[in-house]
Structures are given as structure tokens and as C-alpha cells.
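Me: I am new to this structure, and I would like to learn how to read a few of its features. Could you take me through them step by step?

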Amino acid sequence: MDTRRNDGATGADEDVSRLITFAGVTKRYADGTVAVDHLDLEIPAGKITVLVGPSGCGKTTTLRMINRMVEATEGTVTVDGRNVRDVDPPTLRRGIGYVIQQAGLFPHRTILDNIATVPFLLGRDKKQARAEARALMDRVGLDPAFAGRYPAQLSGGQQQRVGVARALAADPPILLMDEPFSAVDPIVRASLQDEFLRLQSELEKTIVFVTHDIDEAVKLGHRIAVFQVGGRLAQFTAPDDLLAAPASDFVRDFLGGERGIRRLRFTQELDAERDAEREAERAGER
Amino acid sequence: MTAFGTGGEPLLRWSYVRDNYDGVIWEALKEHLVLSFTPVLLGLAIALPLGLACARWRRLYPPVLAATSVLYAIPAIGLFVVFVAFTGLTYTTVVVPLALYTLSVLVPSVVDGLRSVPEHVRQSAVAMGFGPLRRLVQVELPIALPVLMGGLRVATVANISLVSVGALIGIGGLGQLMVTGMKWPGGAYPTPIVVAIVLIVVLALLADLLLLLLQRFLMPWERVRRSRRPAEVTR
Amino acid sequence: MNALWNALGWFGGAGRWSGSDGIPNRIAEHLWYSLLAFAITVAIALPLGLLLGHLRRGRPAAVSGFLVLSSANAARALPTLGLLILVVVVSTAGDIVPILVPLVLLAVPPVLVNTYAGVQQVEAGLRDAAEGMGMRGRQVLFQVELPVALPLILLGLRTALIQIVSTATIAAYVGLGGLGRYIVDGYSRQDYDSMAGGAILVIVLAVLTQAAFAALHRFAVSPGVRRRAASD
């Protein structure tokens, strides 16, 4: 856990260091599409920062540039003061927890070994890693009886808990979460969000959280970054501030409009759009 | 092992084709068509009801699947020889084992195809008042068709090339030409062998193409849907 | 039916269990040719399929994927007997090498296609998670893609070995040893008992091969993957 909380940080209103920074970052794909456009963003340490916006706004791309799943075309991303370009990607990623929408659990490994994936990669002692994984299961509210089961035997909500435990296993200071609770039903989602907040109050990780759901953003975020299509940051502020003073018509529409639209749409549709966005990013990346 | 020197003999002498196309070659081709398509029709006629039964009564499927996969493993020549004991040296001796082979490919295709019908589609058909038979014919079978046609194409192509193995017991369609070339008086003669191989491959590709066209004709909606089909996999 | 029962007497015939034409030697020959061809097939097709499936993105991967699938369809259309005869008639090389070529040629496609398709079809989310947690390319392939694709890969290997065992039988016609000898020599001597004996042995061998793969599947595939396939 990173505990550097020096006072002289750059923020005007925050007393914490900036663990992750974006400076003039642009992501442009081979076909000319701009996913992220000249982004400047400083993410406070030990807090939850939510990236929110409509599909195709570049929020997932932004998240994935932090652990170099996507490479920035221009500009600099730093983690803990180091330019990520200077770090070997696998090494960088082993130090950053990563949670994705469908949990991405390995179907051939037991729950316990799924959670211990990163410690195993780091070459830690297997027995010790499994013992720690067991302790983590308890921490994220998983029945210890699940340890020897396989992902296919768990419900969606349980799988997502395993996903969170797996990201925490090597105790990384940073957690990247890409729509981690979008694939589960609203009731399960609400309880996952509550437990996630409880867990975060104990762990105080630096968390970057992507969602398309403004309600989720407001509920979880210490800071909210609203993105608009074309990969531009529309507003970056605290939730109260965002609701009280939207910086532009776009933000106002998104705050209001998204609520109305969301009720009409099927979640599946949103998921499909998001997958399409992902796929496009992926295609452009390689 | 005998040594077969080719002694500069070309792979294909057109004179052989010119002299024999309406005789030996035509007869062999006709026999080949009968021997390869009869088992496909026979296999299909049995596989459809059997597959439907397996999809309907799920308990039936595991033993049937086990039986078909064992059947699939048995070399065609082995079955041919065994069937000689029952049906002698007749077409039936080749047709029945190949029909069994077709069956072993098609039954899983029928079942997988019917299982690919989404539950919500089935439910909405029930809700709209389709009876079991109408639902099967008008809703489930059309949706199962791509998988079924995939199996049919595999079985047809495999049958066309397998028939030639029958030549080892004297009933092989174009396979007979291969044996003729091998046993040519005065040394092996590549031309009949090459003719047989080429005709079999062309026949197989044509049959595959025809089935593909049939599939497109039967399922115009598949042409518009841009969904990626999973890569075809050997079972 | 009677003919088949009579053939069982063939198994007790004089010299049937010893010498170069005895059953043990013929089985050993059959296994040797089959396993040799299988080993060569696996050495060629498995690494190639893993690699092509792993590098599934971009134009070269798409092109190679198309070629792999076409090769499998083409191989199914090729008549094995014709290929064997042609190779032996045309070749001037030694005894076994020309026969191994078609054996391997026909067995490569099922291994290649199933390995390629199996690895290529691993969900994007799994790969994403693996890379996101810091696995290197090789670790993604061997710790995630391979175990998840294993059922399909084993199916391809099984198809290939069965194909080889069956083709090796036919290869007796062009002079190869093994169980096919009983069928081919029996036919030329008009000795049905020998043919039926050979056919029964070949069928038993094929069924045992199938059973061996079923056992391998049980042993090598993670219960988590098996369960997932069952619930699909």
C-alpha cells in the first residue's frame, strides 16, 4: 500500500499525491480515429476516481493506457512518478490490479488459484500465496467452501468478487476496474458496490473505475471525470460539484439524459456497444 | 516391398483418357456416384429422427453419442470386410458401412443444431401457440439447419473419398482405376491413378459447393447476418 | 454371420502368434508406423496451430487462418488409397518414407485446425485478463490459452491418430506391414478368415485408440473446463 501523502501535492484542494498522471495524452488509431484527445488528468492517491461517459468516449482507452494495454500515441502517462513507457509492460501490470466486466476468470483454475494468479507470476511461494488467497476470499465476502470450485460453478456476482480478490492478491497500490459491476443484476450490483466501498475504506487503494452509469459514478467516486465522444475530458471534479455545476451543456445533458435513456435501453445493448468499442480499440492496437 | 520404377513414365497420358473416358472411366464414375450418395441419403434418413429423439429425450443422447463416436473411429476397410460376411461382395457391403459413418457424423450435428435454438425463441414460439410439430418444422429446424448442413457437407465429402477404399475388396468406383493403375501389366501406370484422384477431388468439391448453394438458398437470412461463424472444427 | 464366426478359428491357426506374420509382430508394426507418423504430425501441426491461434490478430493471421481451414477441407476430399498408390508408384525413395508422407499429410490438418481454432476461440476477456495481470505472451499461451483449448486440441489429435491407424491399414496394399497385411493378403488368396481376422484386429485397435483418448481427456482437461463445456 502506498502511503505517500505529502502535503505539497499539486492539487488545489487535495492533500494527497498524484499517483497517476496524464500529460497531453492522445490515442490515435491507425485509421485516424482519435479515442483520447490531449488528455491532462491527475489521479489522486488512495481515492476512487471514476471515468464516466457515453460509449466511444475513450474512458476505457484511458484506463488501459495506465497499464499499457493500450499505448498512448502522444503525451506521457506516469505511475508513481515513472513514465510507463520506461517500464516493461508485464512488470508494470503485475504491480497494478486489474478487474474487467465479465471477471475474466480462468475456467481451468480453481477459485483459490485464480486469486493467487499474480503472486504465482511473481514467483512467490505457492503455499503461502494460497493461504493469502484464502484470507482474501473472506475479505471480499466469499464463502471459503468455494476455494476448490471452478468459476463455472459460481454466480455472476460471486465471480465478480473473485475478480476483485484476484486483483488485490499481490497487494498492488493501484486498482484499475473496467465496468466491474455492469454484468450483474441491479440488486447484486448494489450490494457489490456497498461492499466495495467498505473494502476501500479499509484498504485505501488508488482506484480508477470506468463506468457508463452516472449513478454508479456518483455513488462510488471521490472524483469523477466525465468524457465526451471524441475522447475529450468534459469535466473533472467531485460528485457534488458535478451535480451542482455542470461545466457544459454536454455534461448537463449527460447527467440528465443518461438517466432517462438508461431506463429505456436494455443493459445488453449497452454491453454490446461497449464490447464493440473494446473490439475497435483492440483492432487498432495490434 | 516391391519397387516401382516409373522409368520416365509421365503422370498423365491423355491417350488413356481419350480411349477410356466413355468406357472404364465413365462406368467407374457412375459406380462412384451411386456408392457415395446412397449412404448419405440413407444416413440422413436415419440421423434426422434419431437426432430429434436425442434432443427430445436428453438421457438418450450420451449412449448414442458414445456409439457414434466409436463408429466414427472404426476404419472403413474394417467394416467393409466384416460386412462381406453378411452381404457378400455387393454394393450393400460398401453402402451400409458408409451410411453408418454418415450417421456418426450427422447425429451430433442434428443434436447440436437443435440445441443451438435459443431458449427465448423456443419459448416465444410456444407462447404464440405453435404446436410441437409446427414449432419443430417452422422454427427449430430452420435454426438448426446451418449446423446440420455443416455436418452433411463433411459427411458427403468424406464419403466420396472413402468409397475408393472399397477397391480393396473389389467394389470401389473410381478406386478401381487406382488398383488398375497399380496392377497394370508390365509395371505400374500412373495415369489411371491420377485420373481417379482428380475426379474424386473434383466430385467432392462440386458436391460441397452444391450443398453450400443449397444452404444459402434454404437460409436467405444467414446471408444478411454478419455474425462470425465459429471456425469449422473436426469432430 | 456364419462366415464371421468361422473366422474366429483363424485366431487359433498354426503360427498365428509367432513369426514375422504372427499377430504380435503385425500389431507391433502397425503401432510403430502409426506412432511414428503421429509423432511427426504432432511435431509439425501442434506448434504451428498454437502459434497461428495465438497470433490471431492482423492480416497475416487472418490469411493463415483461412489457409489452415481450407487445407482441412481439401484433405478431407483427398482419397487416401489413391494418394498412397501414387506416392509409391512415383517415388524412387526407400521403403517407408514415401508411405509416411501421405500418412502425415492427411493427419496434419485435423490437428492444425483444431489447435488453431481452439486457441483462437479463447474468449477475448480471458486473454485481456491474462495480459492485464502481467502475463507474458508465452505465459498467456501455456497457462491460459492451451488449457482452455485443450478439449478441442485433444479432439484433433484423436481424429489424426484414428486417421493414421486407418490409413496405415490401407497402406498394406502398397507393401507396408501391419494389420492391413491380413486383409490385403487374405483378399488376394481368397481367404476370408484372414481378412476378417485382420478387420477385427484393426477395429479393436481403433476402439482402443478412442478409449485411450477418452482417458487422456479425463486426465488432462481441467474439471473447470469440462464442466463449462457440459453446461454450454
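Reply: What follows is a short tour of a predicted model, taken feature by feature.

Me: Where should I begin with the contact between two chains, and how many residues of chain B are in contact with chain C?

Reply: The size of an interface is often given as the accessible area lost when the parts come together. Here 46 residues of chain B are in contact with 49 residues of chain C, and the area buried between the two chains is about 4,300 Å², of which carbon and sulfur atoms give 76%. On the side of chain B that touches chain C, helix 3 of chain B gives the most, with eight residues.

Me: Which residues touch the most other members of the largest nonpolar core?

Reply: In soluble globular proteins, nonpolar side chains tend to be buried together. In this model the largest nonpolar core has 112 residues, and I85(C), Y173(C) and V174(C) touch the most other members. Leaving aside neighbours within four places in sequence, I85(C) is in contact with residues including M178(B), V179(B) and Y173(C).

Me: Is E29(C) buried or exposed?

Reply: Burial is judged from relative accessible area, and E29(C) counts as buried because its value is 19%, under the 20% cut-off. E29(C) lies in helix 2 of chain C, residues 23-54, and, not counting residues up to four places away in sequence, touches G177(C) and G178(C).

Terms used. Residues are numbered from 1 along each chain as its sequence is written. Chains are lettered from A and ligands numbered from 1 in the order in which they are written. This is a predicted model: local features need pLDDT of at least 70, side-chain atom pairs count only at pLDDT 80 or more; totals for chains, interfaces and linings use all residues. Side-chain values use heavy atoms; hydrogens and water are left out. A nonpolar core is a set of buried Ala, Val, Leu, Ile, Met, Phe, Trp, Tyr and Cys residues joined through side-chain atoms within 4.5 Å. Buried means under 20% relative accessible area, exposed over 50%, partly exposed in between (1.4 Å probe, protein chains only). Contact means heavy atoms within 4.5 Å. Helices (H or I, at least four residues) and strands (E, at least two) are DSSP runs, numbered from the N terminus. Buried area is the accessible area (1.4 Å probe) that two parts lose on being put together, summed over both.
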